[in-house]
Amino acid sequence: MTGPLYRADPPTMRLAVEAEGLTLLYHRPSGMTHVLGPPAPELLTALAEGPADAAEIVRRLRQHHDLQDDAGIEAVVAARLDELEAAGLVSRA
Amino acid sequence: MNGPDQDRPEEEGPAPTRRHLLMLGAVSASAVVTIRPALANTLGSVLTCEIPVPDRSLSANYIASDGSLVPADTPGAFPPAPMPFKGEDVKAALRYGRTLPGTDYAQSRAYTNYIRRLQRGMSGFTCYASLQMPQR
């Protein structure tokens, strides 16, 4: 069973600066600036490979990161994706 | 006074992998804060601003389900909306999944996908950007 597919604008649509563990991100299409904490930048990076549901995004994250071994991990990722969607950085494909 | 470990660059340590533990936090934790641009000062008319679908200059096109513009009469695509949508209706569709006025689910989804793709300079962009402000 697959959940909703999420997509993000390509990385060229963003300008990102890392500062003290946070990422300042300027989103060119909207002209808005966001302050992102982990794992939001990593989620956007994972979505650069193309649209994916939460389960697939967890798989992509595991390729580059160690993740908390937590049964609720997809729920957390989905919550972060919803937050990015509300900010206009992620949309449902 | 330097101990044996104090001035050793971190790079000298064993670095078998660049992987690091990614902290995901709790479901309720927040990872995104949006900085309100000057645009936020103009939000008095947000709910009554309008978004044409598509931009009038592009109204010879149909809107595919992913929101892209395709030639008229493309199977599965939808004709332009006869009237611009109000910001309030677009917000309800984007935030709460309601269908846009006068549309069914598939048509509304195509139109909202078009709206999500709006770029600076296109009709309705400022309205759409305004709708994304927190608390609006």
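In chain A of this predicted model, the axes of helix α1 (residues 40–47) and helix α2 (residues 54–64) come within 9 Å and cross at roughly 100°, where axes are lines fitted to C-alpha atoms over the stretch in contact and angles run from 0 to 180 degrees between N-to-C directions. That makes α1(A) roughly perpendicular to α2(A), a term for angles of 65 to 115 degrees. Helices here are DSSP runs of H or I with at least four residues, and strands are runs of E with at least two, numbered from the N terminus.

Where the two helices touch, E42(A), L43(A) and A46(A) of α1(A) meet I57(A), R60(A) and L61(A) of α2(A), contact being counted when C-beta atoms, placed from the backbone, lie within 7 Å. The residues of this contact comprise four nonpolar, two charged and no polar ones; Ala, Val, Leu, Ile, Met, Phe, Trp, Tyr, Cys and Pro count as nonpolar, Asp, Glu, Lys and Arg as charged, and the others, Gly among them, as polar.

Between the chains, the contact takes 30 residues from chain A and 21 from chain B. On the side of chain B that touches chain A, the largest share, four residues, comes from β2(B), and that side divides into 12 nonpolar, six polar and three charged residues. Strand β5 (residues 65–67) of chain A runs parallel to β1(B), joined by three bridges, where pairing requires at least two DSSP bridges; D66(A) stands opposite L21(B) in β1(B).

Residues are numbered from 1 along each chain as its sequence is written, and chains are lettered from A, and ligands numbered from 1, in the order in which they are written. Local features need pLDDT of at least 70 and side-chain atom pairs count only at pLDDT 80 or more, whereas totals for chains, interfaces and linings use all residues.

Conventions
Angles under 35 degrees count as roughly parallel, over 145 as roughly antiparallel, 65 to 115 as roughly perpendicular and the rest as oblique.
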